[in-house]
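Morning, everyone. I have one model to walk through today, and here it comes on the screen.

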Amino acid sequence: MYNPSAAGGVASTAYGSRLFIYEVEGLRQNGETDKMGYPIRRSGNLFITVPYSRMNQEMQRIARLGGRIVSIRPYDGTSASNGQVSSRTEPQPVQSAEASKPMTQAKEKPAKRTDVPVNIYRPNNPYIGKCLSNEELVGEGGIGTVRHLKFDISGGDLRYLEGQSIGIIPDGTDANGKPHKIRLYSIASTRHGDDVDDKTVSLCVRQLEYKHPETGETVYGVCSTFLCNLEKDADVKITGPVGKEMLLPDDPEANIIMMATGTGIAPFRAYLWRMFKDAEKAANPDYQFKGFAWLIFGIPTTPNILYKEELEELQGKYPDNFRLTYAISREQQNSEGGRMYIQHRVAEHADEIWNLVKQEKTHTYICGLKGMEDGIDEAMATAAAKEGITWKEYQRSIKERWHVETY
């Protein structure tokens, strides 16, 4: 269960060559054990001087040694403890071995995953799947149409991971008589498929509809209309998979923050099913999620809450591990009396989200309409500024944990 009050992280910052003081408690002595074989812990609090370029690495090192970061503040050249004494013991300023490395040293990059399937099927030789089902997701009184489509892929070698996309080539030709180009869609199922049998892949597709800027006539998207009208047992040309930006971390104790608008829910449905669905958990003995997942979902009306029953079932079953927050623009008001959009929900919870983001085990994912990032960044900048931190600079330092896929 996520405990906001226990969230450690940066309390104040500057950048470049600036130093920071970490106040740490419960740190184990490196390699030393007592007579019973248990690791020896330092009594009282320890103060460690850390350059900005090493902040993430030092957080990881402290966690490995069993420590907990009590506070972080800029080093101003005075005593690390600033004259304050721990209630347990007298703290002593300490320079960590890692912190003594040159400040210009490049940040270590995480090892790249080598098991990610990419472009198994290409546009010149797509996989021909079959439509197994095509179901409406928008409830009565909702806006537009969104379909959940499930395709049979049992006859080929199409493999994928949660967070990837596949390409669809719609039937027919364009105005020039050439085959239509592929459109990419985020996969809405886990790697095992909706039936957990490794034989299907699913999509969440909204029919694109807009007014022609010159004629004013209604125009429908070519591929989205093709998919939304696809009949059971119809063939469909599939390419891919593609994408590495939105992959889940392997750590089952990670914190996963998800911010979605509309069909941006697709990859997050895959994440949540992998984390919490009983059949999925049984199929993944090496991945049993114990972290904290938070979905902030922006939609226009209640009938437009895609996968509503399933999401709320998971929230009810796992209240300590899954939190669900809606931003329903046409039914809820923000603090200024206007429509409630996802950026307003993020702003409401910005301090809590910020405390989570500062933890090394937290990954944040944003998926949906392009432009939604701006409001989220503004809310995070406000929260970070309370601690003297420039959000954009901090965001760049956690780019391996801040994932964005908008369209």
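Start with Lys 317. Lys 317 is partly exposed, at a relative accessible area of 46%. Keep in mind that this is a predicted model.

What does Lys 317 meet in a salt bridge? The side chain of Asp 278, at 2.8 Å from N to O. Lys 317 sits in helix α5, residues 308-317, and Asp 278 in helix α4, residues 278-283, so the pair ties together parts 39 residues apart in sequence. Asp 278 is also partly exposed, with a relative accessible area of 46%.

Next, Arg 323. Its salt-bridge partner is Glu 352, with the closest N and O atoms 2.7 Å apart. This pair links distant parts of the chain: Arg 323 is in strand β17, Glu 352 in helix α7, residues 350-357, and they are 29 residues apart. Arg 323 counts as partly exposed, at 25% relative accessibility.

Glu 162, Arg 191 and Arg 274 are joined by salt bridges that share partners. The whole structure has 17 salt bridges.

Now the sheet around β17. Five strands form an open sheet, ordered β17-β16-β15-β18-β19, with parallel pairing. β17 (322-328) and β19 (402-406) are the edge strands, each pairing on one side only. On average, neighbouring strands are turned by 10° against each other, direction ignored.

How many bridges join β16 to β17? Seven, and the two strands run parallel. Ile 299 has Ile 328 in β17 as its bridge partner.

Last, helix α8, residues 372-385. Helix α8 packs on the sheet and touches β15, β18 and β19. Its direction makes about 150° with that of β19.

Conventions:
Residues are numbered from 1 along each chain as its sequence is written. This is a predicted model: local features need pLDDT of at least 70, side-chain atom pairs count only at pLDDT 80 or more; totals for chains, interfaces and linings use all residues. Side-chain values use heavy atoms; hydrogens and water are left out. Two strands pair if DSSP finds at least two bridges between them. Helices (H or I, at least four residues) and strands (E, at least two) are DSSP runs, numbered from the N terminus. Axes are lines fitted to C-alpha atoms, for helices over the stretch in contact, and angles run from 0 to 180 degrees between N-to-C directions. Contact means heavy atoms within 4.5 Å. A salt bridge is a side-chain nitrogen of Lys or Arg within 4 Å of a carboxyl oxygen of Asp or Glu. Buried means under 20% relative accessible area, exposed over 50%, partly exposed in between (1.4 Å probe, protein chains only).
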